[in-house]
Amino acid sequence: MRVLARFRLVRATRRHEIATVVTEETGRSAVGSLIMDVLVTLEFVAWTQSKTPGFLRSRWRRLPGPLFARKRVRDERLPLGVIGIITPWNYPFFMPASCVLPAIACGNTVVLKPSELTPRCGALVGELFREAGLPDGVLEIVQGDGRSGAALSRAAIDKMFFTGSVASGRKVAQACAERFIPCSLELGGSDPAIVLADADIQHAADGICWSRFANVGQTCVAAKRVFVEAPVYDRFVEALARSVRDLRVGPPTRDVGIEVGPLIHQAAADVITSQLNDAMAKGAKVQVQADAPPREEGAFVRPTVLTDVTDAMRVMHEETFGPLMPVIRVRDAEEAIARANDSRFGLSASIWSRDRTRASALARQLACGTVMINDASSVVGAPDVAYGGVKESGIGRSHGIAGLEACVRSTAVVDDLFAGWRQPWWYHYGPRRMSQLDDYVDFAHGSTLWRRLRGIPGVLRLVFSAKDDA
């Protein structure tokens, strides 16, 4: 924990340097880099420092029930060994840290392969840990493209954490399955946001606008399909249009007030443009677009809100990893839930309503890993909340206690308090043993108090007998 304390101090001290490197490599806004990759990571360090010692501490406890009355058990949480971690470029500090921190805190060594699109960020992660005093060999950084990731997934590791595409995640899972090693996969999403008729409309519009267009929309957990109940649909679209028009779009190095920068590269922008063109060709309407600089200043796509969207359009069944938001009118909450669940993804979701009790009940009907009420996306930055999805959004969990559990192997040590005494299930069997077992069933599971009391003598002889009682 001393290394984590120093790592926390180093990150806090060098926070603006880290944010600058993130902005330069990803094109994200300067303030966004400080919030999403520096401040959130500091919260994860603090939580890991606080929770890991208690999580790893083992204690003896007694086993329940008379049959095991002589036993006690100690649950050990032991390091897995070597953990491989492959992380993407969109959060090049936070994503590695959220996996590396619990892995190291639980006693493992780590091989981290950051994205080839953000190599400076990956190198800086290793540099900061070394500055914090992490011993050599505990964290190794392997730079490279997908071939390096494929080699790591086939290497002699004991666990893999992977964040990336469904296609790549499937290959990683297959490589791990061949050697029967566990893997945790986070493979993206197409998160629904459901706006109910009783929602605070401007509040919902502002929150969904931030969720969709933060990090230029290059976020797995984001409001990518917005379902709005019919009575408030027009009001919501108007409020959302106001929020989008206010967005400040441009090169992030020009002005600290820039909110939306360029996409990571032109190929990513071309995919979003293709999805937009597909929707428009099939009848979607561009309701509003934010301003954007000329194309020559970077891989910009104007933040765009689409209406008149149908399920035939790619934006409804593909992951839109960029600033494109479809808004769909629904009759009621039941239709919204059904359409939200009609996806091969299941990472996260949000529900917007003044009736939090009703929203909480609806949340249980959504097929996803996390649901937020009156907020979206920020759950990923909450260190005490398990993070992960269902369906093609992946398997396994990170963050919180579940994230610590993913970094250890559990071993139960069971001790008998009466050393040298025979166990009731050992050989030899005979009529007396059968009678004692009948007494045990009556005592532990009998339908009347008399049957339970009558079985006590036989139970005592069965559990605590020191001789062959067959």
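# Working through the helices and loops

V216 is buried, its relative accessible area being 1% (buried means under 20%, exposed over 50% and partly exposed in between, with a 1.4 Å probe and protein chains only). This is a predicted model, where local features need pLDDT of at least 70 and side-chain atom pairs count only at pLDDT 80 or more, while totals for chains, interfaces and linings use all residues. Residues are numbered from 1 along each chain as its sequence is written, and side-chain values use heavy atoms, leaving out hydrogens and water.

**Exercise 1. Find V216 and H399, and say what their backbones share.**

Start with V216: look in the loop between α8 (201-213) and β9 (225-229). Helices (H or I, at least four residues) and strands (E, at least two) are DSSP runs, numbered from the N terminus. Now check phi: for V216 it is near 60 degrees, a positive value in a residue other than glycine. Next, go to the loop between β17 (394-395) and α14 (400-405), where H399 lies. H399 isn't a glycine either, yet its phi is positive, about 70 degrees. H399 also counts as buried, at 3% relative accessibility.

**Exercise 2. Work out how α2 packs against α3.**

First, pick out α2 (residues 15-26) and α3 (residues 30-56). Their axes sit 8 Å apart at an angle of about 110 degrees; axes are lines fitted to C-alpha atoms, for helices over the stretch in contact, and angles run from 0 to 180 degrees between N-to-C directions. So α2 and α3 are roughly perpendicular to each other (that label covers 65 to 115 degrees; under 35 is roughly parallel, over 145 roughly antiparallel and the rest oblique). Next, list who meets whom: R15, H16, I18, A19, V22 and T23 in α2 touch A30, S33, L34, D37 and V38 in α3, contact meaning heavy atoms within 4.5 Å. Sorted by class, that gives six nonpolar, three polar and two charged residues.

**Exercise 3. Which residues does P88 contact, beyond its neighbours within four places in sequence?**

Find P88 in the loop between β3 (82-86) and α4. P88 counts as buried at 16% relative accessibility. With those neighbours set aside, P88 is in contact with M95, S115 and T163. For a distance check, take L112: P88 and L112 are 24 residues apart in sequence and 11 Å apart in space, C-alpha to C-alpha.

**Exercise 4. How much of the protein chain is buried?**

Buried residues make up 52% of the 470 residues. For the overall layout, count 17 helices and 18 strands.

Conventions:
Ala, Val, Leu, Ile, Met, Phe, Trp, Tyr, Cys and Pro count as nonpolar, Asp, Glu, Lys and Arg as charged, and the others, Gly among them, as polar.
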